[in-house]
Protein chains: 2
Amino acid sequence: MTEDKKAVKNAHPLPPRTQFIFHNLVTHLHKFVEETSVTTDEWMTAIQFLTRVGQTCTDIRQEFILLSDVLGVSALVDALNNPPTGNATESTVLGPFFTEDAAEVAIGDSIASEGKGEYLWVQGRVLDTKGNPISGTILETWETDENGFYDTQYASREKPDCRGRLRTDQDGKFAYRAVVPVAYPIPGDGPVGHLLDKLGRHNMRPNHLHMMLEAPGYHKLVTSLYPEGDEYLNSDAVFGVKKSLVVKLKTVESDADARAKGFAKGGSFKLLEHDFVLLTEEEAKAAREAVLREKTADALL
Amino acid sequence: MTEDKKAVKNAHPLPPRTQFIFHNLVTHLHKFVEETSVTTDEWMTAIQFLTRVGQTCTDIRQEFILLSDVLGVSALVDALNNPPTGNATESTVLGPFFTEDAAEVAIGDSIASEGKGEYLWVQGRVLDTKGNPISGTILETWETDENGFYDTQYASREKPDCRGRLRTDQDGKFAYRAVVPVAYPIPGDGPVGHLLDKLGRHNMRPNHLHMMLEAPGYHKLVTSLYPEGDEYLNSDAVFGVKKSLVVKLKTVESDADARAKGFAKGGSFKLLEHDFVLLTEEEAKAAREAVLREKTADALL
């Protein structure tokens with residue numbers, strides 16, 4: 001067995017990237033243990049916690065991603081892989097509620113069925129970093145209803161709701177009817193929920209509209225818009241909020257305008273105007289590689 | 001819900017130790033992610049690996065402890081909680097093969113049934129830090145047979161073997177017959193085994209004799225002795241070896257001596273002589289607290 005092991009070692013030298021990552025991981029893990037002088041009992045508690053996290057995962061629930069989310073790691077990984085670049089719209093965490101089955105929605109139509117919440121009109125443009133419109137951008141958007149639930153959280157779901165797929169017109173413009181999303185809790189019944197409780201942290205996310213934009217030649221953008229004023233805006237349980245993604249909802253008190261936009265009951269509605277700026281694939285790649293070079297140059301070269 | 005959450009927060013302020021540990025944990029976790037600029041794909045690989053580790057755990061298998069072992073964390077936690085103190089015998093990792101059912105063995109008797117391996121005679125004394133003998137120390141010892149297996153690894157196990165419970169005499173002395181233990185692999189069929197393979201590391205432990213010593217008023221010592229010369233002594237997969245725990249096995253080529261000691265087939269045998277030095281509970285507590293104070297004084301005070 002010894003000779004076999006040695007032979008395998010020589011045949012497959014460790015890739016420098018793997019070596020670099022594990023060296024850094026073990027260094028920080030040991031520093032954590034040393035600096036806190038973890039007791040034997042505390043370490044056993046940690047082992048048991050991680051075991052429960054793994055055993056809570058199923059085909060439709062990923063508790064380790066949730067742990068990564070609440071420790072701010074998912075947001076950090078996203079930030080490093082999609083660094084702020086010039087005037088480009090910043091990205092944020094995808095979350096677990098995207099589905100592939102959203103309906104195509106024509107410009108001016110609604111992504112939400114009637115009665116799902118307070119009327120919201122969303123409009124804007126999709127531009128490149130030089131300000132040129134990007135026509136034909138596919139914009140996927142999804143959000144909660146007024147109860148703070150995504151459609152997939154209803155056992156009775158028969159078809160997609162509060163989500164849709166739009167395409168920008170020749171001027172890069174989009175516009176659609178929606179509802180004002182509502183703050184909601186991430187799962188609190190598993191080990192991560194119990195951890196948040198132990199840490200005295202709530203498990204709420206501020207209300208937000210998910211947006212995913214794709215156009216040929218441009219870097220896919222996964223982001224969200226966070227209406228200002230939500231009480232959880234500064235304490236998002238998963239650290240998804242970025243200042244540049246906080247938006248203002250205006251109130252339009254015009255029954256005529258509401259009816260003209262297609263809101264069945266008229267009255268008033270909220271208005272969200274927002275432009276998105278996409279990076280080309282080259283611009284995005286250069287930005288990521290600059291971060292990677294900066295972080296690992298000394299270690300790898 | 002908001003008011004409830006706030007009320008809970010105020011009613012249960014976070015213990016300073018919990019706050020200290022999580023602050024340090026998140027700091028190092030984020031530094032690791034930043035310094036390596038982990039890619040989105042790499043992080044997902046890590047999430048999936050941790051999930052598999054959790055899901056490999058059963059009532060009789062703890063893959064997260066194994067992960068902690070192979071990353072050197074278990075050994076570090078042990079070292080911090082049982083710091084080297086004067087002339088006291090150093091501790092090391094307990095491992096997963098201790099059982100409660102070892103038979104009482106009289107001084108000079110055998111812990112191993114005939115045919116379990118090369119004859120080994122173990123003798124020594126148990127002393128306090130001032131050199132006084134500690135009579136009535138309970139010494140639990142367990143080891144592999146010549147195939148590198150503990151008795152519990154045989155499905156056919158009917159009673160304990162290659163393990164025993166001794167008591168030191170009025171001079172603090174102990175002596176027993178055993179077999180020379182054999183190097184063995186830790187479980188290689190799970191995600192931790194696959195990780196070691198990816199990292200080009202073997203999964204072997206050098207041969208060793210487990211020892212656990214308990215005497216009233218003295219700090220329980222969990223340790224092992226590692227015969228010198230084993231090819232894995234400098235690359236123990238779980239980092240359990242300490243220099244002070246490496247021992248020499250002498251060869252005694254005397255049929256008469258072998259038979260006098262009770263080795264049925266006579267011939268020759270290996271001889272291991274080793275004294276253990278125990279800390280009092282007070283000495284051990286003072287040593288641990290000195291480490292804790294040193295590590296956390298600035299943060300907690």
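In the predicted model examined here, B:Arg177 counts as buried, with a relative accessibility of 17%. This arginine belongs to strand E4 of chain B, which covers residues 173-179. Two backbone oxygens lie within reach of the B:Arg177 side chain: that of B:Lys261 at 3.1 Å, and that of B:Gly108, which is 3.4 Å from a polar atom of the side chain. When neighbours within four places in sequence are set aside, the contacts of B:Arg177 include B:Gly108, B:Asp109, B:Ser110, B:Ile111 and B:Ala112. B:Leu120 and B:Trp121 are also in contact with B:Arg177, as are B:Lys261, B:Gly262 and B:Phe263.

Residues up to four places away in sequence apart, B:Trp142 touches B:Leu94, B:Phe97, B:Phe98, B:Tyr150, B:Cys162 and B:Arg163, together with B:Leu209, B:His210, B:Met211 and B:Met212.

Chain A has 301 residues, of which 49% count as buried. Its secondary structure consists of eight helices and 13 strands, and its C-alpha trace extends over about 80 × 45 × 35 Å along the principal axes. Among the contacts in chain A with a separation of 6 or more, 71% join residues 24 or more positions apart.

The contact between the two chains involves 61 residues from chain A and 62 residues from chain B. About 5,600 Å² is buried between chain A and chain B, with 66% of this area on carbon and sulfur atoms. On the chain A side, A:His28, A:Phe32 and A:Leu71 lose the most area to chain B, and together they contribute 9% of what that side buries. Polar contacts across the interface, with both residues at pLDDT 80 or more, amount to 25 residue pairs. The elements of chain A that give two or more residues to the side touching chain B are H1 (2-11), H2 (16-36), H3 (40-56), H4 (63-70), H5 (73-81), H6 (191-198) and H8 (281-300), each of them a helix. Of these, H2(A) gives the most, with 17 residues. By residue class, the side of chain A that touches chain B comprises 30 nonpolar, 20 polar and 11 charged residues.

The largest nonpolar core contains 55 residues, and the members that touch the most others are A:Val33, A:Leu67, B:Val33 and B:Leu67. Helix H5 of chain B (residues 73-81) supplies the largest share of this core, five residues. Beyond its neighbours within four places in sequence, A:Val33 is in contact with A:Val38 and, in chain B, with B:Val73, B:Leu76, B:Val77 and B:Leu80.

Two salt bridges are found across the interface of chain A and chain B. In one, A:Arg17 pairs with B:Glu42, with the closest N and O atoms 2.7 Å apart. In another, B:Arg17 pairs with A:Glu42, again with 2.7 Å between the closest N and O atoms. The latter pair crosses from helix H2 of chain B (residues 16-36) to helix H3 of chain A. B:Arg17 counts as buried at 19% relative accessibility, whereas A:Glu42 is partly exposed at 24%.

Over all chains, the whole structure holds 38 salt bridges. Within chain A, the side chains of A:Arg61 and A:Asp189 meet at 2.9 Å, N to O. A:Arg61 is in the loop between H3 and H4, and A:Asp189 in the loop between strand E6 (184-185) and H6, so this pair ties together parts of chain A that are 128 residues apart in sequence. A:Arg61 is partly exposed, with a relative accessible area of 21%, while A:Asp189 is exposed at 56%. A network of salt bridges also links A:Asp101, A:Asp151, A:Arg157 and A:Arg163.

In chain B, a salt bridge joins the side chains of B:Glu273 and B:Lys250 at 3.7 Å, N to O. B:Glu273 is in strand E11 (residues 269-273) and B:Lys250 in strand E10 (residues 250-252), 23 residues apart. Relative accessibility is 45% for B:Glu273, which counts as partly exposed, and B:Lys250 is partly exposed at 46%.

Terms used: Residues are numbered from 1 along each chain as its sequence is written. Chains are lettered from A and ligands numbered from 1 in the order in which they are written. This is a predicted model: local features need pLDDT of at least 70, side-chain atom pairs count only at pLDDT 80 or more; totals for chains, interfaces and linings use all residues. Side-chain values use heavy atoms; hydrogens and water are left out. Contact means heavy atoms within 4.5 Å. Buried area is the accessible area (1.4 Å probe) that two parts lose on being put together, summed over both. A salt bridge is a side-chain nitrogen of Lys or Arg within 4 Å of a carboxyl oxygen of Asp or Glu. A polar contact is a pair of N or O atoms within 3.5 Å; within protein, one must be able to donate a hydrogen and the other to accept it, and residues adjacent in sequence count only if both atoms are side-chain atoms. Helices (H or I, at least four residues) and strands (E, at least two) are DSSP runs, numbered from the N terminus. Ala, Val, Leu, Ile, Met, Phe, Trp, Tyr, Cys and Pro count as nonpolar, Asp, Glu, Lys and Arg as charged, and the others, Gly among them, as polar. A nonpolar core is a set of buried Ala, Val, Leu, Ile, Met, Phe, Trp, Tyr and Cys residues joined through side-chain atoms within 4.5 Å. Buried means under 20% relative accessible area, exposed over 50%, partly exposed in between (1.4 Å probe, protein chains only).
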